[in-house]
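Here's a walk through one model, taken a region at a time. Keep the sequence and the 3D view open as you read.

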Amino acid sequence: MAGDGKGLVAGAALDGGPRLLVPPPAFTSDRLKGMVIGQLYAAIRNGVNAGNMPSYSAQIEPMDRWAILSYVRQLQGVPDEGGEVMVAAKQSIASAGYGEQLYKAKGCNACHTIDGSKLVGPSFKGIYGKKESTSAGEVDVDDAYLKESMMTPMAKIVTGYPPAMPPLPLDEIEVKALSLYIATLK
Ligand code: HEC
């Protein structure tokens, strides 16, 4: 928890358990503090010392690697260059998976389900590509309509629902990611 290299696995090895060829170093050591972020990233992606620490590329996707390194930098008290990388990455990647995370992280799930049942707002299930009846007449549920619904919730109110959706701070990439996610909910 402290990043000092004395975690559960290492502890067993140091207490005479299964030996680690090279014990894990403390994140807080000067050597690791002095590593450029790319070296730390490479450790997660490629492993270290020919597999003494295995590669975690299959388990940990790139955005999560940067997120972990952000935390490590914080433990080290070293400025977090990875956070900048992550923001840059976030600005260029909009995926349905990211949209799914946002659906929860932004609290959309408080009012919208994905299984067809109604909450405060309509379910997202099966809406993409359909026609929706709104206060401005019938509209096609496409990317433009979804974007407008998110950015300017009061523009068109879905028939049968209250004008109860708050304006939420979402950037372009987040809107796109949420639309990609909604499109997967057949
Ligand atoms: C406090 C409840 C609430 C929250 C939180 C909320 N919404 Fe809504 N939303 C509504 C309501 C009510 C409507 C229907 C009335 C309207 O059209 O504004 C709606 C409508 C929509 C529509 C149009 C759906 C359709 O069937 O045409 C979209 C798209 C939408 N919301 C996306 C989102 C997204 C994405 C989030 C999260 C970032 C979100 N909403 C968060 C209440 C909410």
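Asn49 sits in the loop that runs between helix H3 (37–46) and helix H4 (62–76). Keep in mind that this is a predicted model. Asn49 isn't a glycine, yet its phi is positive, at about 50°. Most residues other than glycine have a negative phi. Is Asn49 buried or exposed? Asn49 counts as exposed because it has 10 C-beta neighbours inside 10 Å, and 12 or fewer is the cut-off for that label.

Ala50 is found in the loop between H3 and H4 too. Ala50 also has a positive phi of about 50° without being a glycine. With 9 C-beta neighbours inside 10 Å, Ala50 counts as exposed.

## How H6 and H8 pack

Two packed helices are described by the angle between their axes and the distance between the axes. For helix H6 (residues 96–105) and helix H8 (residues 172–184), the angle is about 100° and the axes are 7 Å apart. H6 and H8 are therefore roughly perpendicular to each other, as angles from 65 to 115 degrees count that way.

Which residues in H6 and H8 meet? On the H6 side you'll find Ala96, Tyr98, Gly99, Glu100, Leu102 and Tyr103. Facing them from H8 are Glu174, Ala177, Leu178, Leu180, Tyr181 and Thr184. Sorted by class, this contact between H6 and H8 has eight nonpolar, two polar and two charged residues.

## The nonpolar core

The largest nonpolar core has 12 residues in all. Its members are Ala94, Tyr98, Leu102, Phe124, Tyr128, Val141, Leu146, Val175, Ala177, Leu178, Tyr181 and Ile182. H6 and H8 are the elements that give two or more residues to this core, and the largest share, five residues, comes from H8.

Tyr98 and Leu102 of H6 belong to the H6–H8 contact and are also listed in the core. Ala177, Leu178 and Tyr181 of H8 likewise take part in that contact and in the core.

Leaving out residues up to four places away in sequence, Phe124 touches His112, Ile114, Ile182 and Leu185.

## Around the ligand

Now for the ligand. Which of the 27 residues around the ligand come nearest? They are Cys108, Cys111, Gly121, Tyr161 and Met165.

By class, the shell around the ligand has 21 nonpolar, four polar and two charged residues. Helix H7 (residues 143–151) supplies the largest share of that shell, three residues.

## Other exposed spots

Ala155 lies in the loop between H7 and H8. Ala155 counts as exposed, since it has 12 C-beta neighbours inside 10 Å and the label takes in 12 or fewer. Ala155 and Tyr145 are 10 residues apart in sequence, with 9.9 Å between their C-alpha atoms.

Ala164 is found in the loop between H7 and H8 as well, and its 10 C-beta neighbours inside 10 Å make it exposed. How far apart in space are Ala164 and Gly51? Their C-alpha atoms are 54 Å apart, and 113 residues separate Ala164 and Gly51 in sequence.

Asp30 lies in helix H2 (residues 30–33). With 8 other C-beta atoms within 10 Å, Asp30 is exposed. Asp30 and Gln76 are 46 residues apart along the chain, but 9.2 Å separates their C-alpha atoms.

Terms used: Residues numbered from 1 in each chain as written. Predicted model: local features only at pLDDT ≥ 70, side-chain atom pairs only at ≥ 80, totals over all residues. Axes fitted to C-alpha atoms, helices over the stretch in contact; angles between N-to-C directions. Helix = DSSP H or I, 4+ residues; strand = E, 2+ residues; numbered from the N terminus. Parallel < 35°, antiparallel > 145°, perpendicular 65-115°, else oblique. Contact = placed C-beta atoms within 7 Å. Nonpolar A, V, L, I, M, F, W, Y, C, P; charged D, E, K, R; others polar. Core = buried A, V, L, I, M, F, W, Y, C linked by C-beta atoms within 7 Å. Buried ≥ 20, exposed ≤ 12 C-beta atoms within 10 Å, placed from the backbone. Near = placed C-beta within 6 Å.
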